[in-house]
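Trainee: I should like to work through this structure in a series of questions. May we begin with the packing of helices and then turn to individual residues?

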Amino acid sequence: MSNHAAASLAHQHQFDDAEQQYEASTLGMWVFIVNEVMFFGAMICAYVVYRVVHPGVFEHASQQLNITLGLVNTTILITSSLTMALAVHGAQQGKRGQMLGYLLLTMVLGAAFLGIKGFEYAHKYSEGLVPGLNFTYTGPHADESQLFFSLYFALTGFHALHMVIGLGILGALFAVGARGMFSRDYHTPVEISGLYWHFVDIVWIFLFPLLYLLGLH
Amino acid sequence: MDAPETPKNYLTADYSIKSWLLTVDHKRIAVLYLVSITAMFLLGSAFAAGIRLELLTPRGDLFTSDTYNKLFTMHGIVMVFFFLIPSIPAVLGNFLVPIMIGARDLAFPKINLLSWYIYVIGATFAMFAMITGGVDTGWTFYTPYSSWVSHTNVTATAIGIFITGFSSILTGLNFIVTIHRMRAPGLTWFRMPLFIWAHYATSLVMVLGTPVIAITVALVGLERIFHLGIFNPQMGGDPILFQHLFWFYSHPAVYIMILPSMGVISELITCFSRKSIFGYSFVAISSLAIAFLGFIVWGHHMFTTGQSVYTGMIFSILSFAVAIPSAVKTFNWTATLYRGSLSFEAPMVYALCYLGLFTIGGLTGLFLATLGTDVHVHDTYFVVAHFHYIMVGGAILGYLGGLHFWWPKITGKMYPDGIARTAAIIVFIGFNLTFFPQFVLGYMGMPRRYHFYVDEFQVLNVLSTAGAGILGVGYLLPMFYFVWSLIYGKKAPANPWGATGLEWTTPSPPPTDNFAQTPVVTEDAYSYENLPVPTRASAV
């Protein structure tokens with residue numbers, strides 16, 4: 001019903017003013033992030049429980065992961081958080097070029113992360129370590145090792161899904177931003193997308209040591 | 001655009017199908033939910049009728065064991081996930097939360113519409129699972145039966161529940177942001193109606209709990225599809241972990257059902273006693289206390305899983321603690337009734353019936369929170385009776401009471417009060433006749449989920465089935481007189497009950513934007529003492 005262009009520049013009909021809309025959107029994203037913490041939290045809880053129940057098997061299985069690639073990906077993701085923060089800063093300053101440039105850089109870094117993740121997945125597939133599709137691991141405790149890889153793929157897959165969604169959001173921001181929809185006065189979508197992107201990065205900061213590093217000596 | 005003579009309200013603003021299916025008006029979305037939830041209620045009731053008919057006789061002569069297992073499973077799934085959890089928040093909450101706090105709409109109207117579509121898609125998946133063979137795991141999906149052994153449609157049902165979870169999450173998110181950021185000037189936290197407090201607490205549970213069940217059923221789905229062993233002990237997994245994750249949500253889910261109902265009851269009791277509610281801030285805070293405690297008592301569902309005796313003791317003590325805020329509410333309602341100018345319009349009769357059922361349900365909860373007693377009655381009809389008293393007696397009577405209270409506001413029509421009062425009493429009688437014998441049955445040792453039982457239990461089962469018939473009549477009556485009221489009902493005034501609250505300052509039904517001007521709140525909720533006793537617009 002609302003005339004979209006004007007509404008998004010000023011504020012939507014249910015709000016009194018742009019300030020209230022900004023506060024509501026930001027709080028909404030924070031509540032959503034808390035909800036996401038519980039999503040990942042349930043799975044991380046399962047992972048931690050099984051790690052405690054089968055410590056040796058999980059340690060051995062985790063050594064099948066490629067720490068170098070994990071480390072590279074961690075670096076890429078932290079850098080992307082920086083570029084995202086700079087994009088938000090550009091939007092707040094009303095500097096469209098800076099915002100778009102950093103958004104693009106963030107997307108490139110995000111895509112690089114997914115590319116490396118895809119390479120890791122393909123490698124695991126060729127080694128027969130993907131439960132349900134190609135699991136031919138024949139070492140001792142094959143079932144418990146499968147448990148590790150099930151949770152590895154569930155956690156990193158769920159994280160990668162969030163990255164894909166994040167890339168979609170950034171792409172939309174870029175398209176809308178290039179048309180000049182954001183200004184010094186109105187940049188809420190950039191900011192709350194930034195919150196989302198940082199959250200996804202932070203999840204990885206937890207996953208990397210849990211999955212890759214814990215068995216390292 | 002057309003018919004400029006009649007003043008526009010949210011119902012008459014536009015008549016096209018498209019204007020309903022693409023609406024972002026919280027009031028219309030509430031009506032969409034009302035229709036879809038009522039359909040699910042009828043479906044769930046039909047399953048219940050099947051169960052009760054089968055249990056008329058000690059032998060399984062109506063359904064096979066497989067069919068019976070599917071009946072009680074689908075009854076549980078439909079009623080819990082598709083009726084009880086969304087009922088009050090999605091219908092009454094959606095309609096009333098923005099109006100009660102003086103807002104024009106929820107913070108995110110499009111997300112609100114999205115949540116309805118998600119609900120419908122999730123329900124469709126579950127229907128698909130039913131039509132194509134049903135599910136026999138029980139609504140609790142205990143593994144490894146659900147993930148490994150059962151050959152029924154667990155995966156499709158799990159997908160349905162996973163999807164529906166997002167509907168609940170989005171509703172909760174919307175309420176939290178709306179209540180935080182969109183209250184009218186002057187409406188401080190401790191001036192908010194208790195209905196809003198209850199929905200705030202409920203929303204916290206929805207946002208914090210629902211993701212856990214969503215991911216848990218997703219893991220069960222993955223385990224079925226890819227033959228993993230996440231919850232399968234033969235493969236290193238742990239079925240007890242499933243129970244922990246399941247009850248971490250599903251116990252608080254009881255409070256998703258009951259807290260909004262408590263909010264409704266607070267509104268009804270104070271309105272029809274013509275008194276400010278006794279101990280307002282205690283009732284408000286007790287909602288948050290129940291929501292918080294609800295998250296740390298899940299282990300009382302697992303007393304017999306072999307958890308350590310100390311774990312059991314701690315969960316037992318914590319479970320007792322839930323009785324404290326629940327009792328705060330009940331005593332405060334009673335104190336509000338004391339020396340009030342009571343009147344017994346239909347919503348009040350529902351509220352009083354609620355008090356009876358909730359008290360029985362709550363007190364028997366203490367039996368189950370006690371370790372020794374729980375082991376004796378674990379997985380018997382005692383448990384079935386207890387949670388029906390709480391979840392059905394509590395949640396449905398609150399829902400029906402609220403629906404009767406705000407029906408004039410929602411539809412602009414009055415219903416016949418006499419028959420509505422009668423229906424409430426029929427529900428109360430039918431309910432007690434159905435479920436009270438089940439306490440006795442459970443104490444005597446009749447296990448739940450069986451469709452064979454020893455002959456000695458037949459008399460009580462016949463009583464229970466007879467009660468279910470009466471209960472059915474009580475449930476069907478409102479459907480008839482509500483629909484009747486839409487066509488023949490008297491036009492409702494803005495405030496038929498002489499109640500306080502911003503929702504009664506708008507016309508019935510409210511206009512699309514709720515308020516011509518943003519209202520300013522200058523006094524506490526429920527200042528009935530300052531109001532003259534109104535001349536009641538008695539119905540029809």
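Trainee: At what angle do helix α4 (residues 67–93) of chain A and helix α7 (residues 188–213) of chain A pack, and how far apart are their axes?

Mentor: Please keep in mind that this is a predicted model. The angle between α4(A) and α7(A) is about 165°, which makes the two helices roughly antiparallel. Their crossing is left-handed. To give both values asked for, the angle is about 165° and the axes are 10 Å apart.

Trainee: How are helix α2 (residues 18–53) of chain A and helix α3 (residues 55–62) of chain A oriented to each other?

Mentor: The axes of α2(A) and α3(A) come within 5 Å and cross at roughly 110°. Angles of 65 to 115 degrees count as roughly perpendicular. The orientation of α2(A) and α3(A) is therefore roughly perpendicular.

Trainee: Which residues make the contact between α2(A) and α3(A)?

Mentor: On the side of α2(A), the contact is made by A:Y47, A:Y50, A:R51, A:V52 and A:V53. The partners on α3(A) are A:P55, A:F58, A:E59 and A:S62.

Trainee: What distance separates the end C-alpha atoms of helix α6 (residues 142–178) of chain A, and what span should the helix have?

Mentor: Helix α6 of chain A has 37 residues, so at 1.5 Å a residue it should span 54 Å. The distance between its end C-alpha atoms agrees with that expectation. After α6(A) comes A:G180, with a positive phi near 80°.

Trainee: Is A:Q146 buried or exposed?

Mentor: A:Q146 is located in helix α6 of chain A. Leaving out residues up to four places away in sequence, A:Q146 touches A:P131 and A:F135, together with B:H227, B:L228, B:G229 and B:M235. Its relative accessibility is 9%, so A:Q146 counts as buried.

Trainee: How many helices and strands does chain A have?

Mentor: Read from the N terminus, the elements of chain A run α-α-α-α-α-β-β-α-α. The C-alpha atoms of the chain fill a box of roughly 65 × 30 × 30 Å along the principal axes. The secondary structure of chain A comes to seven helices and two strands.

Trainee: What percentage of the contacts in chain A between residues at least 6 apart in sequence join residues at least 24 apart?

Mentor: Chain A has 217 residues, of which buried residues make up 51%. Among its contacts between residues at least 6 apart in sequence, the share that joins residues at least 24 apart is 78%.

Trainee: Which residues have the most contacts inside the largest nonpolar core?

Mentor: The largest nonpolar core has 244 residues. Helix α3 (residues 65–100) of chain B supplies the largest share of this core, 22 residues. The residues with the most contacts inside the core are B:L92, B:F195 and B:W406.

Trainee: Which residues are in contact with B:L92, leaving aside its neighbours within four places in sequence?

Mentor: B:L92 is one of the α3(B) residues that make the contact with α13(B). Leaving aside those neighbours, the residues in contact with B:L92 are B:S87, B:V97, B:F195, B:V264, B:Y399, B:G402, B:L403, B:W406 and B:I410.

Trainee: At what angle do α3(B) and helix α13 (residues 381–411) of chain B pack?

Mentor: The axes of α3(B) and α13(B) are 11 Å apart. Contributors to the contact include B:F83, B:V91 and B:F95 of α3(B) and B:M391, B:Y399 and B:W406 of α13(B). The crossing is left-handed, and the packing angle is about 35°.

Trainee: Is B:R274 buried or exposed?

Mentor: B:R274 is found in the loop between α8 (239–273) and α9 (280–294) of chain B. Its phi is near 55°, a positive value in a residue other than glycine. With a relative accessible area of 8%, B:R274 is buried.

Trainee: What is the relative accessible area of B:D379?

Mentor: B:D379 has its place in the loop between α12 (371–377) and α13 of chain B. Its phi is also positive, near 55°. B:D379 is partly exposed, with a relative accessible area of 31%.

Trainee: Which residue does a cis peptide bond join to B:T143?

Mentor: The omega of this cis peptide bond is about -5°.

How values were computed: Residues numbered from 1 in each chain as written. Chains lettered and ligands numbered in written order. Predicted model: local features only at pLDDT ≥ 70, side-chain atom pairs only at ≥ 80, totals over all residues. Heavy atoms only, no water. Core = buried A, V, L, I, M, F, W, Y, C linked by side-chain atoms within 4.5 Å. Buried < 20%, exposed > 50% of the residue type's maximum accessible area, 1.4 Å probe, protein only. Helix = DSSP H or I, 4+ residues; strand = E, 2+ residues; numbered from the N terminus. Contact = heavy atoms within 4.5 Å. Expected span 1.5 Å × (residues − 1). Axes fitted to C-alpha atoms, helices over the stretch in contact; angles between N-to-C directions. Parallel < 35°, antiparallel > 145°, perpendicular 65-115°, else oblique. Left-handed = near helix turned anticlockwise from the far one by under 90°.
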